Amino acid sequence: MLKRAIAQVDDENEQPLIIGKAPLVRHLYEGRDITPIWNDLLARVTADANDAAAFLDLSTILYTLGQPDKAVLAQTAALDIRRTFHIRNGRGTGPRILVFVTAGDFMANTPIEFLLEASDANVLLHYVDAGTKDLSGVPDHDVAFVAIGESPANRPVLQRLERLLIGWAMPIMNNAPLRIVALTRDGVAESFVDEPSILAPPTVGVSRNTLEQIAARQFPPGGMDYPIIVRPVGTHAGKSMEKITNEEELSRYLDGQSEAEYYIAPFIDYSGPDGKFRKQRIAFIDGKAYASHLAVSDHWMVHYLSAGMAKYADRRAEEAAWMRDFDSDFAARHAVAFDALHRRLGLDYFAIDCAELPDGRLLLFEADVAMIVHSMDSDVTFPYKKQAMSKLFDAFENALQRRIQPKMISAA
């Protein structure tokens, strides 16, 4: 059970303790009443306007409740006060993990809180931005992790962090900010254009003006045939993404959008013989693939929550079999594609959304370091998930530990 918020400070390094994303989101995900926690946090900031930890936890609750404008205000208040926060997992006897993050919503950074929720690790969230001058003020730690995800807003932050990490002497995972910058939808598609085991649909970034010209039939959509997929740059989870089959639909789509930049890509029909669409989320840790989830849907735009996985026993049975046999079946079939993903993206940790095409190729939708990977689904409804997700989480923790060991040996 989640305890009520209490203002605490890590005495050793004077980092404020926060409840953190994982327990707060889980609390709300399970439908439990957040009011006592909210009231305690609100009382803390009312009594002390410099309680940065309370502001940050309030921000997490607001993001989870779908109130981003208020969440930004609370997060900004927290980061105006300080830039490092401590999450104590379990007994708090594990390693101290310095995590480079930046301001934003749940898609801005790797959800490392979920990856380490069941551990005893001490997570030190250190917020950086494009104006960060140096990293001299980071707290003592055993290993670091670059968690900032790809987005237009994060690009200057990652470019800045690339320079700041030159000569970094401590153990670190994902010390490749510019490789994260390259994880744009068009950049990922270009990376695999000549890889026979993967189909990454050609993706083109276009301005609103260009889309308006396409809608006016002045020229074809980037050399593609309809139907096409259109979405604003920087969006995730299907926000404002639509399948467009002609110029009239494109014109109506633009009437409902205000963004200046968009991605367009050909629509690939990846439905199975039964007409259903299947999308897999897979995490890669030091080059090895781990199953995160399989969603089966009647609609081409597949999202786990809207796919009805909790409603349909046959879909859960399919996911259970996919997770159980992942190493010997799906991963074995796509070993060449998985190897290409690891080599070409060059990151210690990342995740992909993908599907399987009838011709055996892997259909790659997206690759990023900030995809949500969690284990919050009901053990009653999804009893098979715990083992698969524990395997993934253990692998991530072990990857961090392997980087710590050389330092401990040399110190001895």
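**Loop residues and helix packing in a predicted model**

Asn174 is located in the loop between strand E7 (172-173) and helix H7 (177-181); helices (H or I, at least four residues) and strands (E, at least two) are DSSP runs, numbered from the N terminus. The structure is a predicted model, in which local features need pLDDT of at least 70 and side-chain atom pairs count only at pLDDT 80 or more, while totals for chains, interfaces and linings use all residues. Residues are numbered from 1 along each chain as its sequence is written, and side-chain values use heavy atoms, with hydrogens and water left out.

The phi angle of Asn174 is near 60 degrees, a positive value in a residue other than glycine. Asn174 counts as buried because its relative accessibility is 1%; buried means under 20% relative accessible area, exposed over 50%, and partly exposed in between, with a 1.4 Å probe and protein chains only. A positive phi, near 50 degrees, is also found at Asp286, a residue other than glycine. Asp286 is placed in the loop between strand E13 (277-285) and E14, and with 28% relative accessibility it counts as partly exposed.

Other loop residues were examined in turn. The peptide bond from Tyr226 to Pro227 is cis, with omega near 0 degrees, and Pro227 sits in the loop between H9 and strand E10 (228-232). His141 belongs to the loop between strand E5 (122-127) and strand E6 (143-146). His141 has a relative accessible area of 11% and is therefore buried. Its side chain reaches the backbone oxygen of Pro139 at 2.9 Å.

Ala307 is part of the loop between strand E14 (288-297) and helix H11 (313-324), and is buried at 3% relative accessibility. Ala307 and Ala295 are twelve residues apart in sequence, and their C-alpha atoms are 6.4 Å apart in space. Apart from neighbours within four places in sequence, Ala307 is in contact (heavy atoms within 4.5 Å) with Ala295, Val296, Ser297, Tyr312 and Arg315.

Helix packing was described next. Two packed helices are described by the angle between their axes and the distance between the axes. Axes are lines fitted to C-alpha atoms, for helices over the stretch in contact, and angles run from 0 to 180 degrees between N-to-C directions. Helix H3 (residues 52-64) packs with helix H4 (residues 68-81) at an angle of about 160 degrees, and their axes are 8 Å apart. H3 is therefore roughly antiparallel to H4; angles under 35 degrees count as roughly parallel, over 145 as roughly antiparallel, 65 to 115 as roughly perpendicular and the rest as oblique. Residues making the contact include Phe55, Leu58 and Leu62 of H3 and Ala71, Ala74 and Ala78 of H4. The contact of H3 with H4 consists of 13 nonpolar, two polar and one charged residues; Ala, Val, Leu, Ile, Met, Phe, Trp, Tyr, Cys and Pro count as nonpolar, Asp, Glu, Lys and Arg as charged, and the others, Gly among them, as polar.

Helix H2 (residues 35-47) and H3 cross at roughly 140 degrees, with axes that come within 9 Å. Among the residues in this contact are Trp38 and Leu41 of H2 and Phe55 and Leu58 of H3. By class, the contact of H2 with H3 has eleven nonpolar, no polar and two charged residues. Thr60 also lies in helix H3 and is buried, at 10% relative accessibility. Not counting residues up to four places away in sequence, Thr60 touches Lys21, Leu24, Val25 and Phe106.

Conventions:
Polar contact = N/O pair within 3.5 Å; in protein donor to acceptor, adjacent residues only side chain to side chain.
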